[in-house]
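Please read them with the structure open.

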Amino acid sequence: MIWESKLYKVSRYIFLTAACIFVIIPIIPLVFMALKTGAEYSSTSVLTPPKNWLNTYNFKYAIKVGKLGKALLNTAILLTISLTLQIVFTSMVSYVLHRFDFKGKKIVMTLFTLTMFIPVVTTQTVVFQIIYRMRLVNKMASVILLYSGVGIVGIYIMLNLLSSISKELDESALIDGASYFRIFRSIIFPLLRPACTTMLILNGIGYYNDFFIPNLYLRKDVQTFTVALYKFFGNTATPFEIVAAAILLGIVPIGIAYLLLQRYIFYGLAGAIKS
Amino acid sequence: MKKINSRKLIIVTFLVLPVIHLLVFAYIPIITNVLLSLTDYRGVGVPKYIGLKNYKRLVTDPQYIMLFKNCLWYMLVAIPQLIFAFILAVFVNGKFRGLNLFKGILIIPYLLNGVIVSTIFIIFFNNSGTLNTILKAIGLEGLQRQWLQSLKLVNPSIASISIWRYYGLNFIMFFGALQTIPSELFEAAAVDGCKKLQEILYISIPQIRKVLFINILLSVSGSIQVYEIPFIMMNGSNGTTTPVIQIQQSAFEDNRMGLAAALSIMVFVIVVIAVGLQSLVSKKGDD
């Protein structure tokens with residue numbers, strides 16, 4: 001146990017409390033605003049608490065007008081398909097890269113590694129042309145296609161775990177007559193579950209929050225939740241207390257996911273960064 | 001014989017789609033952009049080679065120099081952001097009551113998306129918004145400003161949002177790094193009567209030097225790619241345009257594909273330098 005002086009302990013609490021205030025203060029007016037009536041919003045200061053803490057009018061209105069339910073469903077479909085594809089592909093690539101030696105292996109690994117030098121924002125103008133020629137603009141398939149690519153972070157996480165899975169498992173299964181595909185499906189993939197969970201959380205949060213890609217490719221009928229919130233926000237005709245309610249609703253899914261996965265998120269993030 | 005074939009089969013089938021994806025959506029576009037950046041391509045017709053004209057324009061025309069100047073604000077705010085995150089990580093690294101509650105609250109901003117953060121800070125910086133209301137309440141009316149209208153203040157104001165939004169990531173990284181320091185080091189220091197501050201200066205900082213540097217580079221490559229907050233909050237107005245906003249505008253609204261490509265390549269080069277240094281540092285620390 002590391003010894004800590006009393007002064008240190010006190011300053012810790014003071015600093016951490018101040019930091020939490022710094023985090024929370026900007027959010028408070030949003031909560032207040034979402035609970036105020038239109039008249040109340042225009043006549044009171046942003047830091048005045050609402051009169052009626054149970055005013056749900058703004059939320060109901062936001063859900064109805066913003067078509068948030070449909071947008072949330074779109075996001076759910078999009079995330080489910082993309083993440084499933086991405087995780088399956090990542091584990092396939094990692095399995096091959098870890099368990100086999102073959103000509104060109106170095107090249108493949110280098111190709112994947114070098115993608116970290118190519119940020120999405122520097123290629124999107126050309127990628128847009130490609131997606132456009134594939135006639136996928138304004139279709140969910142465009143975003144799913146872009147999201148299901150295999151990233152180097154995912155590969156690292158999986159390779160890390162693969163080195164702790166004994167090769168004897170593969171070999172004995174091979175002797176028993178199992179095919180490589182069977183070994184991957186019945187032995188390796190199930191053992192990669194912790195890595196899948198980490199990827200699911202990391203990329204799930206990332207994709208749920210992403211604005212750049214869906215805003216570029218899904219401009220018309222199909223909207224993700226984040227883009228729907230943006231449209232809401234950008235429409236000056238919408239009263240701001242309604243916008244506030246919609247935004248607050250946008251925090252709910254993340255909040256639920258966070259409460260359920262709190263432990264995994266913190267250590268998942270720390271672990272992913274370390275590897 | 002059968003085994004060799006099935007080996008080949010699994011290697012090829014498992015790699016083919018992801019590798020094609022990689023080529024089509026990362027490598028071909030970036031190479032295309034390099035080529036396009038040397039032309040006057042406008043979306044239709046045949047691109048005409050014009051040499052480095054696009055680049056020359058980007059580094060001489062004030063309209064475009066401004067884009068990179070704006071990024072400097074985002075790099076600048078990374079300094080207080082990293083200091084804040086580091087102090088937090090030092091304090092959180094330990095066992096005490098309320099640890100999980102603090103950690104839970106401190107990570108919130110990092111989980112919120114750009115639209116949510118933008119709304120929160122529109123309210124924050126509005127003329128009768130949170131910041132001005134607080135300034136008035138504590139008797140500092142003199143400091144009230146039109147944060148988003150003033151051409152001088154708008155960029156530092158919205159850049160400072162990055163502190164709130166992203167310190168969480170730095171905090172998690174620092175925290176992770178601090179936890180890898182063997183506790184014997186601190187114990188030995190305590191036996192020698194080492195003060196906490198000395199401990200931080202002589203043990204914590206040198207031990208996580210690598211992570212510190214990686215975080216700085218992360219901020220640099222993040223700053224050059226800033227998009228969401230200025231786009232959503234300001235739509236790039238009031239001189240808040242950043243390189244990425246300009247890339248989209250040039251490409252999709254003005255049809256100046258050549259110029260957009262050149263700008264993309266400039267951002268790309270800066271990212272390559274930052275990320276390159278970063279991986280160099282990570283490798284070096286491993287031995």
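The points below cover confidence, the chain contact, the core and some local details.

1. Confidence. This is a predicted model. Its scores are ipTM 0.88 and pTM 0.89. Chain B has an average pLDDT of 90, and 98% of the residues score at least 70. Within chain B, helix α2 (residues 53-60) has the highest mean pLDDT among the elements, 95. Helix α10 (residues 183-191) of chain B has the lowest, 81.

2. The contact between chains. On chain A, 69 residues are in contact with chain B; on chain B, 72 residues take part. Which helix gives the largest share of the chain A side? Helix α15 (residues 240-274) of chain A does, with 12 residues. By type, the chain A side divides into 54 nonpolar, 12 polar and three charged residues.

3. The largest nonpolar core. This core holds 152 residues. A89(B) and F174(B) touch the most other members. Helix α9 (residues 154-179) of chain B supplies the largest share, 15 residues. Take F174(B) as a place to start looking. Leaving aside residues up to four places away in sequence, F174(B) touches A85(B), F86(B), A89(B), I208(B) and V211(B).

4. A helix pair in chain B. Two packed helices are described by the angle between their axes and the distance between the axes. For helix α12 (residues 209-224) and helix α15 (residues 257-284) of chain B, the angle is about 170 degrees and the axes are 9 Å apart. Angles over 145 degrees count as roughly antiparallel, and α12(B) and α15(B) are therefore roughly antiparallel to each other.

5. The residues of that pair. On the α12(B) side, the contact is made by K210(B), F213(B), I214(B), L217(B), V220(B), S221(B) and I224(B). They meet residues of α15(B) including V267(B), I270(B), V271(B), A274(B) and Q278(B). The contact divides into 12 nonpolar, three polar and one charged residue. An α-helix has 3.6 residues a turn, so residues three or four places apart point the same way.

6. Helix α8 of chain B. Which residues of helix α8 (residues 130-137) of chain B are buried? T130(B), L131(B) and N132(B) are. Their cover includes α2 (28-34) of chain A, together with α7 (114-125) of chain B. Just after α8(B) comes G139(B), with a positive phi of about 80 degrees.

Note on methods:
Residues numbered from 1 in each chain as written. Chains lettered and ligands numbered in written order. Predicted model: local features only at pLDDT ≥ 70, side-chain atom pairs only at ≥ 80, totals over all residues. Axes fitted to C-alpha atoms, helices over the stretch in contact; angles between N-to-C directions. Helix = DSSP H or I, 4+ residues; strand = E, 2+ residues; numbered from the N terminus. Parallel < 35°, antiparallel > 145°, perpendicular 65-115°, else oblique. Contact = placed C-beta atoms within 7 Å. Nonpolar A, V, L, I, M, F, W, Y, C, P; charged D, E, K, R; others polar. Buried ≥ 20, exposed ≤ 12 C-beta atoms within 10 Å, placed from the backbone. Core = buried A, V, L, I, M, F, W, Y, C linked by C-beta atoms within 7 Å. pLDDT = per-residue confidence, 0-100.
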